[in-house]
Amino acid sequence: MYNISLNKIRKTYGDLTILHSVEMEITEGEFVVILGSSGCGKSTLLNIVAGLDTCDSGQILIGDKDVTDLEPSDRDLSMVFQSYALFPSMTVRRNLSFGMEVARVPKAEREAKVAKVAQLLQIDALLDRKPSQLSGGQRQRVAIGRALVRSTGVCLFDEPLSNLDAKLRTETRVELKKLHNDLGFTMLYVTHDQVEAMTMADRVAVMNKGRVEQFAPPQEIYEKPANLFVASFVGSPEINQIAGHLSGNGSLDIGKTHIDLSGYAFENGTRPAQDAILAVRCEDIKIVPPAAGHITAQLDFVELLGADALAWVLYHGKRLSVRMGVDQARALESEVGLQFDLTKASVFCTKDGHRL
Amino acid sequence: MSSPANAAAMPRVAVVGMYAFLIVSALFFLAPFLVILINSVKPMADIRSGNLLTLPSEITFEPWRIAWSSACTGLDCSGIKPGLWNSILITVPAVVISVLTGALNGYALAQWRSRFADWLMLFILIGLFVPYQAMLYPTVKILSGMGIFRSYTGIIFVHVVYGLPYTTLLFRNFYVGVPDEISRAARMEGASFLRTFWSVILPISTNIIVVVAILQFTGIWNDYLLGLIFAGNDNLPMTVQLTNIVNNSRGAAEPNVNMAAALLAAIPTLIVYFVSGRYFVRGIATGAVKG
Ligand SMILES: Nc1ncnc2c1ncn2[C@@H]1O[C@H](COP(=O)(O)OP(=O)(O)OP(=O)(O)O)[C@@H](O)[C@H]1O
Ligand SMILES: [Mg+2]
């Protein structure tokens with residue numbers, strides 16, 4: 001009923017292509033996060049779905065109804081904006097009921113709905129205040145309330161938490177996720193914050209320069225990135241990358257070192273000889289005595305992070321990070337061997353970055 | 001912003017200097033007004049004896065009474081009184097209409113993001129730089145064609161149209177500062193352009209409305225030229241009747257009556273400034289919406 005299909009959405013400004021043929025299938029009740037760096041076209045895509053912006057070509061279906069040429073209010077969806085965008089002259093109550101007023105919903109029904117949402121979001125006590133008399137967090141709640149009160153099943157969010165402080169952001173994140181579980185709405189959520197994407201999403205669409213690079217559950221995005229961009233964009237610290245040459249016998253040659261990749265599951269079993277990049281997360285590397293691991297590197301410095309520690313080592317002038325316990329980090333020698341967990345590593349084609 | 005409230009933080013010399021400057025400027029601008037005020041309550045005898053700058057030998061409000069109700073404007077000798085009503089009838093609707101149209105224009109232009117909109121704004125701005133005198137004759141022709149030349153509708157129409165470039169510019173610059181997301185949110189809620197303008201945008205425009213209304217009020221109230229040409233004999237504003245009193249060739253010149261009449265004509269604008277001056281300053285000093 002409220003599934004969303006995006007079919008080859010294209011958007012250009014002059015000769016600048018902002019969206020290249022974006023395709024996405026969102027099932028009903030799903031929480032989808034669009035993750036990408038600033039300027040990659042996330043807001044543009046969301047605005048096109050909302051109907052606030054037009055696309056050059058392509059088709060948008062909501063609940064199997066073609067809404068490509070419909071006004072936003074005819075698309076059965078609501079939206080929460082980054083700056084909240086409450087109507088400054090209206091009380092919270094009128095902010096919530098304005099849309100229904102426009103739609104000529106009877107007064108009694110309006111009041112009932114407002115009361116219900118206000119209770120859900122715990123903003124009952126604020127109903128007679130103006131937006132200027134609210135804190136940022138309260139404004140955000142009202143903005144979410146305004147979206148929910150009219151909502152029939154699809155909610156769009158454009159970086160709704162980015163103006164909140166860290167603590168409030170964490171709280172609201174949890175609450176939004178809970179709200180989603182309770183209401184079962186289809187939610188499309190734009191952010192550049194990976195933590196939000198990882199924690200809230202059922203599926204994440206990673207965007208880069210107007211393209212969806214990968215659309216998958218968050219854990220899969222993290223563990224099996226579809227290409228080098230996704231691998232390096234997601235995860236902190238950035239994934240370790242070691243460039244080498246993939247030889248026909250299934251080993252990665254880095255200068256004189258050969259890393260045996262027989263433990264690695266290649267995408268479709270084949271591995272033609274080519275230049276390739278081995279990418280390993282910091283927690284998938286083990287410190288072993290020098291010469292006992294896949295490679296040997298020099299310790300650069302150690303960061304103690306409280307719960308655990310990051311050791312930064314230098315390998316052929318490149319800095320790699322290794323996560324480990326604090327005690328182990330304190331006892332590190334200046335030369336260390338690194339053992340990669342190849343079942344969790346990724347190998348990418350150097351030429352176009354796709355996963356091998 | 002610095003204000004006299006911060007005076008405590010300034011060095012003493014600077015404070016003295018600042019007040020000296022403010023007092024001198026105030027005197028400079030008030031002096032002509034004081035001369036007019038003093039002479040408007042002088043008996044004619046004082047004035048005939050010569051010096052306009054001396055204080056009156058006795059204070060009389062007779063010149064004010066004459067100016068108000070019995071001075072002659074041409075053949076008609078009922079003072080400036082009928083002009084007051086005419087001026088109100090012209091100014092109030094003209095101000096209301098030009099504020100509303102300016103706001104609507106300004107909002108539309110601020111919303112409309114295209115090169116064409118920028119060109120249109122530039123065109124409207126050119127209207128600010130063309131002197132009225134150059135537009136008079138074409139305007140007369142146009143209004144005659146429309147059949148509203150020298151009529152009540154005509155004078156209001158002219159004031160609204162001549163004021164549009166200015167009001168549009170002021171409102172547009174204000175609305176460019178209003179976050180676009182507010183209009184988008186209203187659109188998501190299903191509100192049309194006009195509904196958004198009326199229910200969401202106008203209520204947050206109080207400051208700029210006050211500024212534009214005051215500027216338009218002063219401009220239209222003090223207008224002489226357009227009133228003379230376009231209003232028609234039945235709707236002549238106060239300013240036109242004032243000049244008629246001053247220029248009346250019948251009988252001897254009566255400067256005290258003239259000055260009283262001038263003050264009478266100026267009172268409404270003074271009242272407007274005194275009543276709304278606070279909002280005016282606030283409107284000019286603050287930009288768009290907060291919160
Ligand atoms: N009206 C416009 N004319 C030309 N280019 C535009 C216009 N609007 C957006 N763009 C460009 O489109 C690109 C994508 O913009 P968009 O707002 O979608 O980015 P975003 O991913 O939401 O970034 P952010 O995280 O900073 O909000 C940007 O490079 C921007 O410069
Ligand atoms: Mg954005």
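Predicted model: local features only at pLDDT ≥ 70, side-chain atom pairs only at ≥ 80, totals over all residues.
Local features require pLDDT of at least 70 and side-chain atom pairs pLDDT 80 or more, whereas totals for chains, interfaces and linings use all residues. Side-chain values use heavy atoms, with hydrogens and water left out.

Residues near ligand 1 (a heavy atom within 4 Å) include A:Tyr13, A:Ile18, A:Lys42 and A:Glu159. By class, this shell has three nonpolar, six polar and two charged residues, with Gly counted as polar and Tyr and Cys as nonpolar. Helix α1 of chain A (residues 42-50) gives the largest share of the shell, three residues; helices are DSSP runs of H or I with at least four residues. An oxygen atom of ligand 1 lies 2.5 Å from a polar side-chain atom of A:Ser38.

At the interface, 18 residues of chain B are in contact with 28 residues of chain A (heavy atoms within 4.5 Å). The buried area is about 2000 Å², with 60% from carbon and sulfur atoms; this is the accessible area (1.4 Å probe) lost on being put together, summed over both parts. Three salt bridges are found across the interface (a side-chain nitrogen of Lys or Arg within 4 Å of a carboxyl oxygen of Asp or Glu). In one salt bridge, B:Arg187 meets A:Glu71 at 3.1 Å, N to O.

Terms used. Residues numbered from 1 in each chain as written. Chains lettered and ligands numbered in written order. Polar contact = N/O pair within 3.5 Å; in protein donor to acceptor, adjacent residues only side chain to side chain. Helix = DSSP H or I, 4+ residues; strand = E, 2+ residues; numbered from the N terminus. Buried area = accessible area lost by both parts, 1.4 Å probe.
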